[in-house]
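Please examine the structure shown below together with its sequence. The report that follows describes the chain as a whole and then turns to selected residues.

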Amino acid sequence: MPLGLILGIGRAFRRKRTSSLDILSSKRAPRGYYKGKNCKPTGFHTRKGGYVLVQEKLPNYVVPDLTDFKLKPYVSQCPRDAKTSEASALTK
């Protein structure tokens, strides 16, 4: 009996301790918890099962007119150091 008690206490200390900084999932949370996908709701559900979009909650992206813009939308993964007059003035 005492040997089993000592072994049980030893197993309890060897067990991985959960920290409070673990990722909260629906398995570890209270019963009604729903994590979602980190998105803001854009409307609400009606009693009849429909969904109403609210215009104030929809994202509004403001894109400038880029017709005469000289740069391309591609960004290189291997940028080269470009020497400019501002950079050379700072080093002098």
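Of the 92 residues in the protein chain, 3% are buried, where buried means under 20% relative accessible area, exposed means over 50%, and partly exposed lies in between (1.4 Å probe, protein chains only). The accessible surface of the chain comes to about 10,500 Å², and carbon and sulfur atoms account for 59% of it. Accessible areas come from the Shrake-Rupley method with a 1.4 Å probe, and for residues only the protein chains shown count as cover.

This is a predicted model, in which local features need pLDDT of at least 70 and side-chain atom pairs count only at pLDDT 80 or more, while totals for chains, interfaces and linings use all residues. Residues are numbered from 1 along each chain as its sequence is written, and side-chain values use heavy atoms, with hydrogens and water left out. The mean pLDDT (the predictor's confidence in each residue, from 0 to 100) of the protein chain is 77, and 76% of its residues reach 70 or more.

The protein chain contains two helices and two strands, arranged α-β-β-α from the N terminus on. Helices (H or I, at least four residues) and strands (E, at least two) are DSSP runs, numbered from the N terminus. Among these elements, strand 2 has the highest mean pLDDT (95) and helix 2 the lowest (61).

Gly43 lies in strand 1 and is buried, with a relative accessible area of 10%. Leaving aside neighbours within four places in sequence, Gly43 is in contact (heavy atoms within 4.5 Å) with Tyr51, Val52, Leu53, Val54 and Lys57. Val52 belongs to strand 2 and is partly exposed, at 34% relative accessible area. Not counting residues up to four places away in sequence, Val52 touches Thr42, Gly43, Phe44 and Thr46.

Lys40 is placed in the loop between helix 1 (2–14) and strand 1 (43–45). Lys40 counts as exposed because its relative accessibility is 73%.

The table lists C-alpha to C-alpha separations.

| Pair | Separation in sequence | Distance in space |
|---|---|---|
| Lys40 and Lys57 | 17 residues | 8.2 Å |
| Val52 and Thr42 | ten residues | 8.4 Å |

On the surface, Leu66, Phe69 and Leu71 form a nonpolar patch with about 330 Å² of accessible area together. Phe69 is found in the loop between strand 2 (51–53) and helix 2 (85–91). Patches are made of residues with over 30% relative accessible area and no salt bridge, with like charges joined within 9 Å and nonpolar side chains (Val, Leu, Ile, Met, Phe, Trp, Tyr) within 5 Å. A salt bridge is a side-chain nitrogen of Lys or Arg within 4 Å of a carboxyl oxygen of Asp or Glu.
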